[in-house]
Amino acid sequence: MSVRAFFLSMALAVAMAVSPAPARMAIAAEEGPVAGTVPGGSLGATSDAEFWREIRRGQPATISIPDPEAAVLIQSEGENWRNIRNGPISLYGGWLLLGLLILISVYFAIRGRITITEGRSGKKIVRFTQWQRIAHWFAAALFVLLSVTGLMLLYGRYGLREVIGPEAFSAVASASMQAHNLFGPLFLVATVILFIYFLRGNFLALVDLKWIVKGGGFLGGHASSHFYNFAEKAWFWMAVLLGLVLSVTGLVLEFPWLLESRLAQQLAHIAHATSALLLVAVGLGHIYLGAIGVEGALEGMTSGEVDANWAKDHHDLWYDDVVKRESAKAAGE
């Protein structure tokens with residue numbers, strides 16, 4: 001044995017004694033792959049392709065901290081969420097809003113404003129209390145603010161950015177996000193207050209089926225109803241139920257620690273956007289009928305009183321009850 005070979009064998013023996021794994025890897029590099037290795041001489045039984053496939057599926061890596069989300073290197077569901085948010089939700093939601101605006105415009109062009117049949121009588125009937133009106137306008141103001149800011153975040157980049165420029169749009173989008181996050185939690189409070197103040201009278205009755213059959217009088221003719229008609233009852237329950245969905249999902253998005261799972265937050269975002277678009281769409285119809293479409297309807301929420309002839313036109317059964325109570329009160333006096 002030569003001197004050089006002697007010193008090499010001694011160095012290898014020392015290396016194996018101190019650190020066996022590097023020594024075995026050195027031997028494997030010279031002698032070829034050993035059992036349990038993958039091509040290239042790396043130790044392990046998992047190929048690179050399988051390893052990255054598991055990462056792509058969201059399989060967590062091994063970590064030493066308690067947060068399981070920290071071990072997720074790639075979350076493929078995030079791409080699926082983005083495609084749904086920017087695809088079907090934005091597309092169909094936009095068509096829903098645009099279609100409803102077109103439908104309202106066509107209806108108004110054909111039918112015009114629904115006026116009081118016999119004109120104003122001059123006699124006023126109390127319809128809503130002051131606290132009911134305060135609750136309504138509190139919720140209405142939040143609804144408009146959150147609708148505008150939410151739609152800005154969802155659709156603003158498609159058109160507004162090109163009109164006002166990226167810098168100005170960035171400022172508008174940032175302000176919309178801050179306002180949405182700041183006032184969003186109050187919508188839960190407003191929804192609960194609406195439920196408490198307006199629950200009475202909003203349960204379905206047999207007369208509502210007759211109202212539906214007659215098209216609510218919007219196509220002509222007269223449809224009887226009590227204090228609320230079927231459309232108003234449907235709007236109440238949609239506002240309450242969708243309002244609760246919006247509030248809960250909004251809180252989850254604003255405070256992620258409530259649901260630590262990324263998938264749960266993505267599902268919450270989809271539910272939030274879908275509920276918001278539905279509520280805004282129906283809300284447009286409610287605003288049209290209350291402010292423009294029906295003469296005298298808005299007065300119930302401004303002054304709290306409505307004209308007696310308006311009550312006979314739209315809520316005749318309630319009007320009859322009011323007349324009976326007034327007659328009984330007068331007779332008692």
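View 1. Glu118 is exposed, with a relative accessible area of 60%; exposed means over 50%, buried under 20% and partly exposed in between, with a 1.4 Å probe and protein chains only. Lys312 counts as partly exposed, at 30% relative accessibility. These two form a salt bridge, with the closest N and O atoms 3.8 Å apart; the term stands for a side-chain nitrogen of Lys or Arg within 4 Å of a carboxyl oxygen of Asp or Glu. The pair links distant parts of the chain, 194 residues apart: Glu118 is in the loop between α4 and β1 (124–126), and Lys312 is in helix α11 (residues 308–314). Helices (H or I, at least four residues) and strands (E, at least two) are DSSP runs, numbered from the N terminus.

A word on the model: it is predicted, so to speak of local features takes pLDDT of at least 70, side-chain atom pairs count only at pLDDT 80 or more, and totals for chains, interfaces and linings use all residues. Residues are numbered from 1 along each chain as its sequence is written, and side-chain values use heavy atoms, with hydrogens and water left out.

**View 2. Glu295 meets Arg120.** Here the side chains join in a salt bridge (3.6 Å, N to O). Glu295 is buried at 18% relative accessible area, whereas Arg120 is partly exposed at 41%. Both belong to a network of salt bridges that also takes in Lys124 and Glu299.

**View 3. Asp208 and Lys233, a buried pair.** Both residues are buried, and their salt bridge has its closest N and O atoms 2.7 Å apart. The structure holds six salt bridges.

**View 4. Around Leu279 in the largest nonpolar core.** This core has 27 residues, and Phe187, Phe198 and Leu279 have the most contacts inside it. A nonpolar core is a set of buried Ala, Val, Leu, Ile, Met, Phe, Trp, Tyr and Cys residues joined through side-chain atoms within 4.5 Å. Leaving out residues up to four places away in sequence, Leu279 touches Phe143, Phe187, Trp235, Met238, Ala239, Leu242 and Leu246 (contact means heavy atoms within 4.5 Å).

View 5. Trp131, Ile134, Val192, Phe195, Ile196, Tyr197, Leu241 and Leu244 make a patch of about 770 Å². Patch residues have over 30% relative accessible area and no salt bridge; like charges are joined within 9 Å, nonpolar side chains (Val, Leu, Ile, Met, Phe, Trp, Tyr) within 5 Å. Areas come from the Shrake-Rupley method with a 1.4 Å probe, and for residues only the protein chains shown count as cover. Helix α6 gives the most, with four residues.
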